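Let's take a walk through this model, starting with a charge and a ring and then moving on to the aromatic pairs. Keep the viewer open as you read.

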Amino acid sequence: MPRTDATVPLGSLRHQLLRWLLIPLAILMVIDALSVYRNALDAADMAYDRSLLASTRALAERVAIVDGKVVADVPYVALDSFETDTLGRMYYKVTGLHGESVSGYADLPPVPADVPRSENYPALVRFYHATYHGEPVRIAALLQPVYDDSMRGITLIQVGETLEARRGLSNQILFDTLLWQAGMVLAVATLVWFAVRLVLRPLMRLKTELETRAVSDLSDVDPALVHREMQPLVIAMNGATARLQQLIASQRRFIADASHQLRTPLTLLKTQAALALREIDRQPADISALRAIVHGVAGTTDATVQLANRLLTLARIDHGNGDWAFEAVSLRAIAGQVGLEMALPAVRKQLDLSLDEGPDVIVHGQPLLLHELIANLVGNALDYTPAGGSIAVRISAAADGRGALLEVEDTGCGIAADERDKVFAPFYRSTSALDCHPGGTGLGLAIVHDIALLHGARVTLAAARADSGLLVRVSFPLPA
């Protein structure tokens, strides 16, 4: 996947773990605190309602019918309990059989019509909230049957209390709940912090080991140093390090080979220049000998320039894969251009260089690199084909219709079957190549192979004839 400059940094793994653990935990703690608080309030309300009902029942037991009237015998001790502010101020009212006020606070709010009977108690009691003298109150209204020998009926006993006690208990419950939950959050956060620190310790050890390694130490990291989930990452990192080692080794080998290959022509140039100077110093100078030396210098210089250009091309292909812009390219047009460039050297060597006629074939590639590929194939054929031979360049669609095919066939010395896989290595020259053209560099097929790989193509070598010649076949995939 290509990298983009807009990639957002991930930040600290420890901080992300703490955030993803503690923030949801804090939210769950708040939800739990609200639930506990509501359940505690329900339990407190039930307890207070039970106490209020007990007071109502105690008052109902003192209601009776005397001489045809409903009376409430409330002793002064009971009245004192209604006047206390210890648990909130309490009020009561006894209503007779016909709605008349018998005793207590006559203006106590009546029972609303929509208040249902409480299902928590067998008594005919209703609980409701109201406002009395500017204060909120909770009232229990109990229907109490009364009777004597002359009459019977239902009286209403109401007992209400202000909500100070309930509010005080509610606030205490809320404070205790929040204090407990805060302590729990703090304790869990501490445990999570230590747990995350402990879990990340192997990564810190891995970091320390990598930081303390020598610059030249590219050995594998032991995956057992980290957790099982992190081991694929370490294995992938080891694979990347191995590829880096291969790249470094390839660069070192390339530098060593290039130094070796350049040393010979440069030494020859120096020797030829020294001979030329010596010949010039002679009196009189031998013009023919001097001309031969200068021609040798020119030839060596051309070979050195060709070698340097091929080395630079090979280096650019190996280390510049991400810099090439691919496009739809006409393979026949590039081959025709190469044919024009190589026509004069072919005529000088008395070679028949031909490009077959056929339909155009489009491939997805880089024009300069494809030009270099075909030029190297045709150039090799020119170098290794003796005078009077022929070179044929053929371009066609693959037999299965799924790609393009480039073929360069010559009547040269060819390559032995057991060496065809080796000639793609830089600076390797086959035995037949050394015999046919001693001055080669051994880089042409290496460049062809690398360019083909870059284009997803495949290069194969075969004998053009039973006894001689070489057929190079490059199979390209069709553009997507």
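Start at Arg152, whose charged end sits over the ring of Tyr147, 5.4 Å from the ring centre. Sitting over a ring takes NZ of Lys or CZ of Arg within 6 Å of the ring centre and within 35 degrees of the ring normal. A word on the ground rules: this is a predicted model, where local features need pLDDT of at least 70 and side-chain atom pairs count only at pLDDT 80 or more, while totals for chains, interfaces and linings use all residues. Residues are numbered from 1 along each chain as its sequence is written, and side-chain values use heavy atoms, with hydrogens and water left out.

Now for the rings. Searching the whole structure turns up 5 aromatic pairs; rings of Phe, Tyr and Trp (its six-membered ring) pair if their centres lie within 6.5 Å, with planes under 30 degrees apart called stacked, over 60 edge-to-face and the rest tilted. Tyr105 and Tyr132 make an edge-to-face pair, 6.4 Å centre to centre with 80 degrees between the planes. That pair links distant parts of the chain, 27 residues apart: Tyr105 is in the loop between β4 (101–104) and β5 (125–132), and Tyr132 is in strand β5 (strands are DSSP runs of E, at least two residues, numbered from the N terminus). Tyr132 is buried at 3% relative accessibility, whereas Tyr105 is partly exposed at 22%; buried means under 20% relative accessible area, exposed over 50%, and partly exposed in between (1.4 Å probe, protein chains only).

Definitions and conventions:
Helix = DSSP H or I, 4+ residues; strand = E, 2+ residues; numbered from the N terminus.
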